[in-house]
Amino acid sequence: MKPASARDYFDEVECWSAAELRAWQLERVREVVDYAVAHVPFYRNLWKRAGLPRRSHLRSFEDLESFPLVDKEILVRAGQDWTGAAGGSVGFSTRGTSGEPLLLWSSLEDQQYGIRGLLRAFWWMGFRPGMTALLLSPAWHKLAAAEAHAIARLGGSIAYFWGSMGADSIPRFLHTLSSVHPELISTTTPFLLSCLRYGEEQGIRLRAAFRGVRSIVAVGQPLTPQLRKFLERRLGVGQVFEKAGCQEAGIGLDDCPWHTGPHIQEDTAYLEVVDGAGRGVPPGERGRFVVTKFTAGSGSVVVRYTTGDIAAFLPGACPCGRALRRLKMYGRPESSVVVAGRAITAYDVRLAVDEDPDLVGRNVVLVRDDPNTLTAAIEGAPVGVAALEARLRQQLRLPEVEIVWLGDVRLAWTFRQVVERSELGVAQRRRA
Ligand SMILES: [Zn+2]
């Protein structure tokens, strides 16, 4: 089986020009807005209060920017009034990791619509008929549940790992891996890093368990180029693909084989990155992630929904030739700290840390503490201290940087990347 080539397109959407994509998307947004006005009292009333015309009359995406943003708190408060879920038959709940869970409605038609991006993404990863995919328990996330539909549609075999993503599941996960011999694994970055640590501690060669794995889809946190390469090298797998997404809109963002940043599956939803006033910001500039989902009449209606994630469209074209825009999600506000009035994400710090090959793969967390000083805790013994501090100051444009070296103290790899200083415990005394 040949490795997937960057221009091995799955469908015609990948061949559309940017202008064709935008025109098609504008039509879908108009349909959704019209549907919401006609069938969803929540949106009808919201837009009426905002003084928007009775019919949408969306001439351009700029017109969409006058529609109010909604977030999870607003939708939870609105109850079922916001969903427009007349055709929805399957309920999903968000996990509620940042507040109350939100109940979403879907249908088989809605799911079929949503898996188009997944089919394309798995194709980019080199998954072909007859191969086997090992998927995380589908219960953890709506997008994970849809993965199985996509693998089946591609003529692949599916194996589920039903354990948790905690460290206690690792021995069973490795056992499953050795039994199933998948070509593709869908999992989270913290779990992969936990596996590597387990291998080190137990003296187990993980490359043996991962033998034959061509691609890993890693979700849960943005990857630096160095960390992606580190995972590929240490696990001995073909390629690690970064994935992000938003389950409220069923949209995925996926690396192509060029790994220049995840492409948006733009036939599923329209994405915006906006400033504090809800207006779009140019590529390269950070703002809030906003999504409008295209399906109407068969599941929850999502118009200008913000997850609060910090994101940016990536400027320039990808060498793969696809016009699908690329977007990097840097994390939720809870995975960032505000220093000198600016939000610094764990990814920003990771980017500077990973420039030193001796530091790639170590656990790094931000410490919520002094509002004028960036404090980062890094596992292991101090390495390249002066150079790292200089990089952090320069790249993040911050005057004060403090690094706490944790020595032998190990922090669990989790989605949570910001801790209070008191949580560092014994490590606090080991400050360099
Ligand atoms: Zn690309």
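Residues are numbered from 1 along each chain as its sequence is written. Because the model is predicted, local features need pLDDT of at least 70 and side-chain atom pairs count only at pLDDT 80 or more, while totals for chains, interfaces and linings use all residues.

## Domains

The domain assignment of the chain gives domain 1 (1–331) and domain 2 (335–430), with bounds that come from an automatic or database domain assignment. The C-alpha centres of domain 1 and domain 2 lie 28 Å apart. Their contact takes 14 residues from domain 1 and 15 residues from domain 2, where two residues are in contact if their C-beta atoms, placed from the backbone, lie within 7 Å. On the side of domain 1 that touches domain 2, α8, α10 and β14 (327–331) each supply at least two residues; helices (H or I, at least four residues) and strands (E, at least two) are DSSP runs, numbered from the N terminus. The residues of that side divide into 8 nonpolar, 6 polar and no charged, with Ala, Val, Leu, Ile, Met, Phe, Trp, Tyr, Cys and Pro counted as nonpolar, Asp, Glu, Lys and Arg as charged, and the others, Gly among them, as polar.

## A mixed sheet and its helices

An open sheet is formed by 4 strands in the order β19-β18-β17-β20, and the pairing is mixed; two strands pair if DSSP finds at least two bridges between them. Since β19 (401–405) and β20 (418–420) stand at the edges with a single partner strand each, one side of each is left without a neighbour in the sheet. Neighbouring strands of this sheet are turned by 35° against each other on average, direction ignored. Strand β17 (residues 364–368) runs parallel to β20 and is joined to it by 3 bridges, and Val367 stands opposite Val419 in β20.

Helix α11 (residues 346–353) packs on the sheet, touching β17, β18 (374–378) and β20, and its direction makes about 130° with that of β17. Helix α12 (residues 385–396) also packs on the sheet, touching β18 and β19, with its direction at about 140° to that of β19. Axes are lines fitted to C-alpha atoms, for helices over the stretch in contact, and angles run from 0 to 180 degrees between N-to-C directions. In α11, 8 of the 8 residues are buried, so this helix is largely enclosed by the rest of the structure; a residue is buried if 20 or more other C-beta atoms lie within 10 Å of its own, exposed if 12 or fewer, and partly exposed in between, with C-beta atoms placed from the backbone.

## Helix α10

The buried residues of helix α10 (residues 225–235) are Leu227, Arg228, Leu231 and Leu235. They cover an arc of only 105° around the axis, which puts them on the same side of α10, the arc being that of the directions from the helix axis to the C-beta atoms. Their cover includes α8 (189–202), α9 (206–209) and β8 (239–246).

## Single residues

| Residue | C-beta atoms within 10 Å | Class |
|---|---|---|
| Tyr35 | 18 other C-beta atoms | partly exposed |
| Arg304 | 23 other C-beta atoms | buried |
| Arg397 | 10 C-beta neighbours | exposed |

Tyr35 has its place in helix α1 (residues 18–39). Arg304, with phi near 50°, lies in the loop between β12 (287–293) and β13 (305–313), whereas Arg397, with a positive phi of about 50°, lies in the loop between α12 and β19.
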